[in-house]
Amino acid sequence: MSRSGAVQLICVFLLIAFIGVSFFGREDTDKAAAEIAEAVTAQVSTEGLQEFGSERLFSQLGLSGEDFDSFVYYGSEDIMDVREILIIRGREDSDLDAVKAHIGKKAEEKYSTYKDYDPVASALLEKRVLEVSSGAIIYIVHDDAASGREAFLRCVED
Amino acid sequence: MVFSSATFLFLFLPFTLVLYHLKLFRNKERETGKKNLVLLIMSLIFYAWGEPVYIILMLLSIVYNYNAAIDIDSYIGSPKKKKLVFICALIFNLSVLGFFKYYGFLTESINSIFSLSLPVREIPLPVGISFYTFQVLSYIIDVYRGDVKAQKSIIPFATYISMFPQLIAGPIVQYYDVEKQLTDREVTAEKFAAGIMFFIKGLGKKVIFANTVGAVCTEIFGMETASLSVLTSWIGIICYTLQIYFDFSGYSDMAIGLGKMLGFDFIQNFNFPYKATSITDFWRRWHISLSSWFRDYVYIPLGGNRRGTARNIFNLLVVWSLTGLWHGAAWNFIVWGIFYGVLLIAEKYIFARVLERVPVFIRYIMTMVTVMVGWVFFSAENLSSAVNYLKSMFGLYGNGFADSTAEYLLSENFFSLAVMILCATGVFAALPRIKNFRFNIALMSAGYIVIFIICIIYLISETYNPFLYFRF
Amino acid sequence: MDNSEFYEKEQKNENIPRKGKGRTLFVVLISVFCLVIFGGGISFFTGEDKAFSESENRVLAAMPSLSLYSLKEGTFMKDFETYLTDQFVFRDRIVELKTLFDRMTGKTKAGGVYIGKDGYLFSVPSSFDETGMESITAKISAFADSNKDSRITFMMSPNSSFVYADKLPDKLSLADQSYQIEDIENFTQSKSIDFINLSDVFLSKKDEVQLFYRTDHHWTTQAAKIAFDELMNRWKKPVKDVNFRFMAAADGFQGTLSSKSGVSSAADVIEICVPQNSAQTYVVDYGNGEKKAASLFDSSKLETKNKYEVFMGGNYGRVTVETTSSEKDTLLIIKDSYANCMLPMFTPFFSKIVVIDPRYSEERISAVTEENTFTHILFLYNLDTFLGDTSLEEKL
């Protein structure tokens, strides 16, 4: 086979590999929410925030903690402080896309309440991050939301 | 990256132009080599800016097809091997396009027809894949037919595939047309100035016209279809008709202009399609590079019109279903394509005689109404909403001819719609002109500069996003 | 007008720039084009980044942080474009120019605001969602039925686009808000709610009194006083015994509609209305004991862009007012911001007033009524907020 023929074959393999990696496969992470949260809070300051239990998770976001394998939820006592960090590690049967849609709706409502009312809070809400990956969810409203997201993805995808 | 963004206009473009025109070599060939390299690198950055992951796909396609073409060229003595490599290349390119563009559509259609439940996956469409795949195919087919020689050097080839002016929205440049320019081209001040004019014209079409009229049709399409009056729905589709033309031809103009700034001459992609007096005429003027592609690489190889009427009708239907499918992976696009196929066949075989006797003005109106009906299928999310919109256009909901919404929309947009219609139909272009060349150039330069400034004003103020204490 | 098409043919034919002829003119075009793109590019590097835009009153985008992930996901590129346009030179001037253009071409809508006659600006009214209204009125009825001991009144104001419909742009007709309020009244099943639709009284007085600000979506204090009189009449409270005085607090008021559209038209005057004769004083508790004050006004807000905040100093989830009034009655108001300028008028008639804005309150309203008993409960909303807001339903 010619050299150019070999290159064509390699290209075909690389293409199949690319499609496989991008769209099929990837296992759920085996890390618990606490471990993921640790990675996230290493990048994102939790100063002024405190960790809450499932009661608050329900009253704020309408989620029941028992539906998940584990979760970690940070928030603020001060109602005008909109910062939040939520990490959820789902169970096998949890429908995380539905949970994501639910949180997304809550976040949008909250945003529309603060939009045109508090510029700082709404700027924070504007750059909120909500993402599902490898069986876990991150929802973060924070100055450093982007780096929190990065730490999250790095942690669950590795 | 899109041309109508601050990143492109104020960072990417000036930076690229400097690197590109900075003269490094006295030797003309080496200078062109440097230009190609600069253009390739900047084009890859341009693509990666919008598609950071899918750039891998484009690179694979470049490397694969570069080698495949060399193989095809080298098997001149053995037609069988040559054919094998060629078929493999066709399969490779079509399956990449097929997977990334049509996977979701195919699995969904198969599931609904055979009531199966194959896993449906939403695969984000790589920007420009339909355009660059068609360019690659034109190259491979031309090499196989022996119309062009395979490009021996990978940089000019990669430059041809990835060239940023036409990369993401055409025109589909056939290799044959730019083969010489890839290794031998020149930029003069005159050409550069012409490029600027094309670019600004395109930018104006996109930013001033298409975006403005697009806002109106988004508003109308967002209303409850069943409650639209006849006039409102016609205003909506007229706006869409204008939007799609200004958007698409604007993009082509910008591409042609940028090409000229870099020394390339691309073929014209639009020639006042809304001046057409028949459907056949319309398709000679609309997205010319795509129709030529289908003519050269599908219609003629199928036998064109030389194998009798029945075969010709079959060929036309194949070409037009594919044209529809090329525009998007959904049934309404296929219907849109077949709609045109049938109309073209009818014009050719049934009405040809009749049409000759109809006054031009009537033919024009008929053509435009047909085209607008076509755009209903094109713009709709699915077939049933297209049918509903058509119902309201033809008054089947019984909401009357006009209501206050229609009157308000009309009075609000009358001026801008009038100007745009005059521009789109080429009335302005047909106005008599002063013959003084210098005067014309001066007027043109001033006009284009003003348009450019207006475009920037529109672009920046689009992001005006005041924060109000509204929530009281 | 775009004259690009005008020249298309010329370029194709005789006027494709050719060597020699008119060369200097091409050089002018090329130079100006390059000047603009290079100038714009260089200004990004030389200009100081602004963190906050005064005119848009919002935090501007900062340079996004670069990382492998933000590149891979493309968020960096998106944020970068926002950053560039946010920090663009002459941004404010450019926006002003655009507004000017639009007005010249006869646009009567800018930034989602209708530009009406006589300097009036109007927000686009929220749409009426019947199922949503049925479910929220059911909640309100249930609340009313569980508080039968209190006198419950629901007062709703239409918006300026309805009251001053004659000032809307020509040909524009909007939904009849009076009917919409009536619909809401009909949906409300509970017998213990007294409903006040302010549409008719406003329509009858719209020409003698300016009921809405021209550049803001709020009603004026005059309108609030008319509504107040209606309410007191229903409640059989002796308004006549108290002398109310209007005072101009600020002129040159350009409200939210003006910022939103970028159109500065006729400026308005903000008035305040205070009860005069009684020597009674009051203590206001904004929030849960966080901020105590002796006033329902915050005059420092008159120096800021949003002068309407002079009333109550903004929005609070819960405000408690304790007065020295000899009246025994107590009042709970569940409201949107229309109530802010009306609040001082209540002080002579109630010894305690609790004001809840469900949008910024975390507590459930039933918790408040369990904790205290009120002789009067008032729901005070403008139709637009009522249609667009979900927090009342959640908090009931």
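Predicted model: local features only at pLDDT ≥ 70, side-chain atom pairs only at ≥ 80, totals over all residues.
I counted 20 C-beta neighbours inside 10 Å, and the cut-off for buried is 20 or more, so B:Phe272 counts as buried. I then looked up where B:Phe272 sits: in the loop between H10 and helix H11 (279-285) of chain B. For background, most residues other than glycine have a negative phi.

Next I went to B:His287, in the loop between H11 and helix H12 (288-299) of chain B. B:His287 is no glycine either, yet I read a positive phi of about 40° there. Is B:His287 buried or exposed? I noted it as buried, because 20 other C-beta atoms lie within 10 Å.

**H13(B) against H14(B)**

I picked out helix H13 (residues 309-327) and helix H14 (residues 331-349), both of chain B, and found that their axes come within 7 Å and cross at roughly 150°. Angles over 145 degrees count as roughly antiparallel, so that is what I wrote down for H13(B) and H14(B). The crossing of H13(B) past H14(B) is right-handed. On the H13(B) side I listed contact residues including B:Ile313, B:Leu317, B:Trp320 and B:Gly324. Among those I listed from H14(B) are B:Trp336, B:Gly337, B:Tyr340, B:Gly341 and B:Leu344. Sorting this contact by class gave me 13 nonpolar, seven polar and no charged residues.

**Nonpolar cores**

Which residues have the most contacts inside the largest nonpolar core? I got B:Ile140, B:Cys455 and C:Met155, in a core of 230 residues. Helix H10 (residues 230-261) of chain B gives this core its largest share, 18 residues. I followed up on B:Cys455: leaving out residues up to four places away in sequence, B:Cys455 touches B:Leu203, B:Gly204, B:Val207 and B:Ile208. I also found another core lying apart from the largest one, with 35 residues, among them A:Val44, A:Phe68, A:Val72 and A:Leu125.

**Chain A meets chain C**

Last, I checked the contact between chains A and C, which takes 11 residues from chain A and 15 residues from chain C. On the chain A side, helix H4 (96-114), helix H5 (119-126) and helix H6 (145-157) each supply at least two residues. H6(A) has the largest share of that side, four residues. By class I noted seven nonpolar, two polar and two charged residues on the side of chain A that touches chain C.

Notes. Residues numbered from 1 in each chain as written. Chains lettered and ligands numbered in written order. Axes fitted to C-alpha atoms, helices over the stretch in contact; angles between N-to-C directions. Parallel < 35°, antiparallel > 145°, perpendicular 65-115°, else oblique. Left-handed = near helix turned anticlockwise from the far one by under 90°. Contact = placed C-beta atoms within 7 Å. Nonpolar A, V, L, I, M, F, W, Y, C, P; charged D, E, K, R; others polar. Core = buried A, V, L, I, M, F, W, Y, C linked by C-beta atoms within 7 Å. Buried ≥ 20, exposed ≤ 12 C-beta atoms within 10 Å, placed from the backbone.
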